[in-house]
Amino acid sequence: MAHQQRSQGRLSPSGDTEDIEKNTEDIARLLAPRLAHFAGVARTEHVTRAAQEMQVPQSTLSRAMVRLEQDLGVDLFARHGRTVSLTPAGRTFLASVERALAEIERAAEEVRADADPATGKVAFGFLHTMGAETVPGLIHAFRADHPRVRFSLVQNYGEAMLERLRAGELDLCLTSPVPDAPDLVARRLDEQKLRLVVPADHRLADRRRVRLAEAAEEVFVTLEPGYGLRRITDALCREAGFKPRVAFEGEETETLRGLVAAGLGVALLPPPPVPRPGVAELTVTAPRAVREIGVAWLEGHPDTPPVAAFKKFLLSRRGRLLP
């Protein structure tokens with residue numbers, strides 16, 4: 001059955017894509033406030049009863065339905081005195097409206113649940129090197145007082161996490177170096193010593209301490225450019241008076257440690273979660289080889305209660321963040 005058309009329909013056909021998109025946006029803005037009212041009238045098939053249930057004046061509801069039909073250019077209701085019934089067009093429209101309203105309700109419940117102080121969610125990013133011990137220990141300690149708070153965990157390198165922070169995909173992230181940007185707030189939490197990792201049969205392997213300058217002629221394996229640890233490595237070598245000769249670049253520190261064990265170079269790395277066979281890890285006495293670890297969040301971004309609680313917890317761990 002063909003839908004009855006109203007001559008005063010506001011949407012005009014156009015072959016121009018931009019015009020079509022603009023018309024779609026315009027009609028969505030026009031219809032959105034009236035969808036729940038339409039569903040209420042359609043459910044009760046009675047304007048007065050629907051107005052009472054939704055606690056809006058009957059005259060307001062009647063005008064809204066007339067305006068809705070005018071905006072669509074289609075009759076949605078057949079009027080029968082005080083009652084109404086859906087036209088075929090109205091039934092088609094109702095099915096989509098109910099799905100849309102259900103999706104909005106689901107989304108509202110989800111965001112309310114994520115913000116719940118007791119059971120909400122924290123989107124937390126951290127460096128790969130923090131994943132084996134540091135972050136599990138932090139979350140375990142935090143959940144002693146907040147046992148039902150949920151976490152969405154993201155491991156990545158620093159710049160990628162800051163991008164996701166700016167995009168609103170993360171609430172907080174642990175990163176290094178500590179960022180200095182006008183749109184971010186960052187707080188230093190701890191520092192981590194870096195070691196010169198050499199193969200077990202290397203000429204320096206029997207040493208406990210070494211000056212970084214003693215590795216000036218070595219081949220290095222490093223993280224790729226853009227990683228915070230790579231920038232720190234380059235800066236420390238520069239301070240020691242040389243530019244490292246890089247043979248291999250990777251994305252994960254334990255892979256680099258494996259390359260060192262295979263005799264493919266040396267590396268400046270944080271301590272491993274468990275000792276790795278095939279390598280010797282030497283304390284660097286000069287220059288001071290450390291990396292700062294900090295927490296960052298978006299400036300001016302409002303915190304939900306669980307995010308605020310976890311942020312406060314992280315800041316309380318200054319100087320004792322690392323195991």
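1. Glu 249 has a relative accessible area of 43%, so Glu 249 is partly exposed. Please keep in mind as you read that this is a predicted model.

2. Now look at the partner of Glu 249. The side chain of Glu 249 meets that of Arg 230 in a salt bridge, with 2.9 Å from N to O. This pair joins distant parts of the chain: Glu 249 sits in strand S10 (residues 245–250) and Arg 230 in helix H8 (residues 228–239), 19 residues apart. Is Arg 230 buried or exposed? Its relative accessible area is 11%, so Arg 230 is buried.

3. Why might such partners pair up at all? Side chains of opposite charge can pair when their charged atoms come close. Across the whole structure, a search finds 23 salt bridges, and the next points visit some of them.

4. With Glu 191, Arg 188 forms a salt bridge whose closest N and O atoms are 3.1 Å apart. Arg 188 counts as partly exposed because its relative accessibility is 39%. Glu 191 is partly exposed too, with a relative accessible area of 27%.

5. Which other residue does Arg 188 bridge to? Arg 188 also forms a salt bridge with Glu 292, and here the closest N and O atoms are 2.9 Å apart. Distant parts of the chain are linked by this pair, since Arg 188 belongs to strand S6 (residues 184–193) and Glu 292 to strand S13 (residues 290–298), 104 residues apart. Glu 292 has 36% relative accessibility, so Glu 292 counts as partly exposed.

6. Step back from the single pairs for a moment. Arg 188, Glu 191 and Glu 292 belong, together with Arg 288, to a network of linked salt bridges.

7. Finally, have a look at His 46. Where is His 46 found? His 46 lies in the loop between helix H2 (35–44) and helix H3 (47–54). Although placed in a loop, His 46 counts as buried because its relative accessibility is 12%. Setting aside neighbours within four places in sequence, His 46 is in contact with Val 41, Arg 82, Thr 83 and Val 84. Another histidine to find is His 80: it is 34 residues from His 46 along the chain, and the C-alpha atoms of the two are separated by 9.6 Å.

Technical notes
Residues numbered from 1 in each chain as written. Predicted model: local features only at pLDDT ≥ 70, side-chain atom pairs only at ≥ 80, totals over all residues. Heavy atoms only, no water. Helix = DSSP H or I, 4+ residues; strand = E, 2+ residues; numbered from the N terminus. Buried < 20%, exposed > 50% of the residue type's maximum accessible area, 1.4 Å probe, protein only. Contact = heavy atoms within 4.5 Å. Salt bridge = Lys/Arg side-chain N within 4 Å of Asp/Glu carboxyl O.
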